[in-house]
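Trainee: I would like to learn how to read the packing of helices. Could you take me through it step by step?

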Amino acid sequence: MINNSIKLYLESKSDPSSLAIFRIGFGIIMFYSLIRFWAKGWIESIYIKPLLHFKYYGFEWVESLGQFNYILFLICIISTVFVTFGYKYKQSIIIFFLTFTYIELIDKTTYLNHYYFISILSFLMIMIPANAALSIDNKKRGFSYNSVPKWSIDSLKLLIVIVYLYAGIAKINSDWLCHSLPLSIWLTSKYHLFFLGDLFQKDFIHQLMSWGGMIYDISIPFLLINRKTRLFGFSLVVLFHIMTAILFPIGMFPYIMIFSVIIFFDTKTHKSIINRISWMLEKIKRSKNTIQKREYVVWKNQKILLCIISLFFMFQIALPFRHCLYKGELFWTEEGYRFSWRVMLVEKVGSAVFTIKDQDSNQEQEIDNSMFLTKFQEKQMSFQPDFILEYAHFIGDYYKENGYQNPSVYVDCFVSLNGRISQRLIDKNVDLYPIKESFKQKKWILPLKDDIKGL
């Protein structure tokens with residue numbers, strides 16, 4: 001019975017217009033995002049200028065390409081144009097995934113949840129026929145498809161559901177719900193805003209927005225899935241993310257999420273959108289070659305494809321819970337924090353003073369971090385333990401090459417978490433230089449002198 005239901009579902013079809021709209025919108029937003037990144041000079045300041053690039057564990061081999069980073073960005077930008085118009089879609093989305101992900105792996109200092117979302121979303125898009133309709137590929141092959149597998153559309157919906165649900169679950173903690181932290185810290189700083197500035201100084205507004213944010217994240221997937229509440233849910237998405245964009249400088253994330261949830265609307269809505277933008281495809285329509293309609297033919301390797309997608313989602317569901325493998329407060333140690341959709345839950349301020357010692361000559365020196373790090377890198381490094389360890393190795397290697405025979409590296413680091421009084425993050429008596437990065441518990445992180453209840 002269950003097997004038959006699964007088989008029927010895998011054989012079910014949907015109109016391809018939903019994927020076409022999603023592909024076009026994705027391509028346009030990514031094109032704008034990359035051009036914006038280039039125009040602001042961030043390629044130079046983030047990927048070329050720094051002497052040190054902080055690496056993700058296991059991806060230390062990903063290096064900055066220097067001035068060739070501009071070529072890498074150019075290739076990525078061109079791929080977004082090809083994706084938008086559905087030209088050599090499969091190759092184009094693969095190139096986008098590889099180039100965009102490589103860019104993000106160069107330096108984890110720039111880690112943001114929406115960068116990760118774009119990488120895994122583009123990986124998923126490799127496996128779905130987003131060029132089945134409204135694409136130049138159709139013109140070249142002389143036909144388009146009447147339908148696509150329903151699971152190809154539902155897989156996009158599922159990924160968005162995961163993002164929202166995990167973001168909501170992560171907000172079920174005492175800092176967010178009981179103390180409105182760190183939201184109250186950010187809102188009180190918005191006193192300059194007309195009318196809202198005064199409201200944002202009120203404790204009840206902080207509580208209302210904290211609980212509202214949690215309820216919003218958890219309920220949105222269900223509102224969007226239900227046809228009767230879909231329009232209301234979409235209105236909430238637009239309102240919430242526009243407000244977020246106004247209050248917090250988090251780049252393109254609000255607009256990416258507004259666009260993404262359009263996939264939940266029915267075929268009628270997507271066809272209406274297509275009619276409104278049909279002028280973009282006028283040249284294709286005027287082609288002398290008549291484009292025939294065909295039923296989508298499932299690939300012979302669909303079983304392999306579905307296995308890959310299943311493993312992909314199993315990984316996405318399990319990864320956010322890896323913090324359960326570690327002792328200590330997650331917000332403090334950050335062991336298992338990234339890639340878990342914990343959006344805007346932490347406000348940290350740190351100060352890290354490093355000392356290099358030569359055990360053979362007893363030579364000792366305090367490090368001026370500005371010699372090696374940009375201001376942004378130093379800020380991020382000062383409160384993240386894995387950054388601190390990597391920087392300690394960089395310092396040790398540098399001074400070993402410049403006369404120190406047996407270097408040891410120590411750090412005196414104080415961090416304030418969500419407005420708490422600063423306390424020491426790292427054991428200042430531990431030599432960090434011989435310690436290697438791994439997935440093991442970082443026992444040299446001192447425990448937080450507080451208890452944050454949560455999932």
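Mentor: Please keep in mind that this is a predicted model. In general, two packed helices are described by the angle between their axes and the distance between the axes. Here the axes of helix α5 (residues 89–106) and helix α6 (residues 113–125) come within 9 Å and cross at roughly 155 degrees. Angles over 145 degrees count as roughly antiparallel, which means that α5 is roughly antiparallel to α6, and the crossing of the two is left-handed.

Trainee: Which residues in α5 meet residues in α6?

Mentor: From α5 come Tyr89, Ile93, Phe96, Phe97, Phe100, Thr101 and Glu104, and they meet Tyr115, Ile118, Ser119, Ser122, Phe123 and Met125 in α6. By type, the residues of this contact between α5 and α6 divide into 9 nonpolar, 3 polar and 1 charged.

Trainee: How are α12 and α13 oriented to each other?

Mentor: Helix α12 (residues 203–225) packs against helix α13 (residues 230–247) at an angle of about 140 degrees, their axes being 9 Å apart. The two helices are therefore oblique to each other, and the crossing of α12 and α13 is left-handed. Their contact includes Met209, Gly213 and Tyr216 of α12, together with Arg230, Phe232 and Gly233 of α13, and its residues divide into 12 nonpolar, 3 polar and 1 charged.

Trainee: Is α8 mostly covered or mostly exposed?

Mentor: Helix α8 is mostly covered, since 16 of its 21 residues are buried. From its first C-alpha to its last, α8 (residues 150–170) reaches 30 Å, close to the 30 Å expected at 1.5 Å a residue.

Notes: Residues numbered from 1 in each chain as written. Predicted model: local features only at pLDDT ≥ 70, side-chain atom pairs only at ≥ 80, totals over all residues. Heavy atoms only, no water. Axes fitted to C-alpha atoms, helices over the stretch in contact; angles between N-to-C directions. Helix = DSSP H or I, 4+ residues; strand = E, 2+ residues; numbered from the N terminus. Parallel < 35°, antiparallel > 145°, perpendicular 65-115°, else oblique. Left-handed = near helix turned anticlockwise from the far one by under 90°. Contact = heavy atoms within 4.5 Å. Nonpolar A, V, L, I, M, F, W, Y, C, P; charged D, E, K, R; others polar. Expected span 1.5 Å × (residues − 1). Buried < 20%, exposed > 50% of the residue type's maximum accessible area, 1.4 Å probe, protein only.
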